[in-house]
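Please look at the sequence and the structure below before reading on.

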Amino acid sequence: MTGTGDAAFIAAVKPLVDAMGGELLPPDEAGADDVVLSWEGAAAVAVRLPQLADSLDHILAALERRQGVPLAELDRKAKQEIVRGLEARGAFAVRHGVEIVASALGVSRFTVYNYLNRDKGA
């Protein structure tokens with residue numbers, strides 16, 4: 001990336017970029033869709049944002065790490081909570097989002113839709 005003074009800034013933003021599934025790049029390698037972050041008036045680092053579908057995979061992997069077991073092994077209540085959380089994050093706006101989530105949870109698309117509709121009816 002750039003100078004050593006930027007190291008603290010880059011270290012500070014890295015956990016956020018990692019959580020989003022993004023990638024840090026030197027500013028001079030930034031493409032048109034990348035976001036260049038400046039620190040103390042100079043370009044410090046560029047962030048390449050993930051594609052939405054990749055973000056959903058990243059979110060599901062993080063949820064699985066947090067749970068400590070494969071998502072498919074969770075009980076129904078835990079799966080319903082995950083679906084609620086994913087809906088709040090916009091996961092089902094992603095093309096094939098329901099299918100991706102259903103596969104990760106080890107349930108059918110119909111079950112995911114039931115979890116979503118159950119919350120709307122409550």
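A salt bridge is a side-chain nitrogen of Lys or Arg within 4 Å of a carboxyl oxygen of Asp or Glu. This is a predicted model, in which local features need pLDDT of at least 70 and side-chain atom pairs count only at pLDDT 80 or more, while totals for chains, interfaces and linings use all residues. Residues are numbered from 1 along each chain as its sequence is written, and side-chain values use heavy atoms, with hydrogens and water left out.

Q: How many salt bridges does the rule give?
A: The rule asks for a side-chain nitrogen of Lys or Arg within 4 Å of a carboxyl oxygen of Asp or Glu. Counted in this way, the salt bridges come to 3.

Q: Which residue forms a salt bridge with Asp18?
A: Helices (H or I, at least four residues) and strands (E, at least two) are DSSP runs, numbered from the N terminus. The closest N and O atoms of the pair are 2.8 Å apart, and the partner of Asp18 is Lys14.

Q: Is Asp34, which forms a salt bridge with Arg48, buried or exposed?
A: In the salt bridge of Asp34 with Arg48, the closest N and O atoms are 2.8 Å apart. Asp34 lies in the loop between strand E1 (23-25) and strand E2 (35-39), whereas Arg48 belongs to strand E3 (residues 42-48), so the pair ties together parts that are 14 residues apart in sequence. Relative accessible area sorts residues into buried (under 20%), exposed (over 50%) and partly exposed (in between), with a 1.4 Å probe and protein chains only. Arg48 is partly exposed at 33%, while Asp34, with a relative accessible area of 14%, is buried.

Q: Which helix holds Arg109, the residue that meets Glu99 in a salt bridge?
A: The side chains of Glu99 and Arg109 meet at 3.8 Å, N to O. Glu99 lies in helix H4 (residues 97-105), and the pair ties together parts that are 10 residues apart in sequence, because Arg109 lies in helix H5 (residues 109-121). Glu99 is partly exposed at 31% relative accessibility, and Arg109 is partly exposed at 47%. The helix that holds Arg109 is H5.

Q: Where in H1 does a kink lie?
A: The 14 residues of H1 reach 20 Å from the first C-alpha to the last, close to the 20 Å expected at 1.5 Å a residue, where the expected span is 1.5 Å times one less than the number of residues. The bend at a residue is the angle between axes fitted to the seven residues ending there and the seven starting there. The kink in H1 is about 35° and comes shortly before the proline Pro15, at Lys14.

Q: What covers the buried residues of H1?
A: In H1, the residues Phe9, Ile10, Val13 and Val17 are buried. Contact means heavy atoms within 4.5 Å. What covers these buried residues includes E1, E2 and E3.

Q: Which residues make the nonpolar surface patch of about 330 Å²?
A: Patches are made of residues with over 30% relative accessible area and no salt bridge, where like charges are joined within 9 Å and nonpolar side chains (Val, Leu, Ile, Met, Phe, Trp, Tyr) within 5 Å. The patch is made by Leu16, Met20, Val35 and Leu49.

Methods
Areas by Shrake-Rupley, 256 points an atom, 1.4 Å probe, with all protein chains shown as cover.
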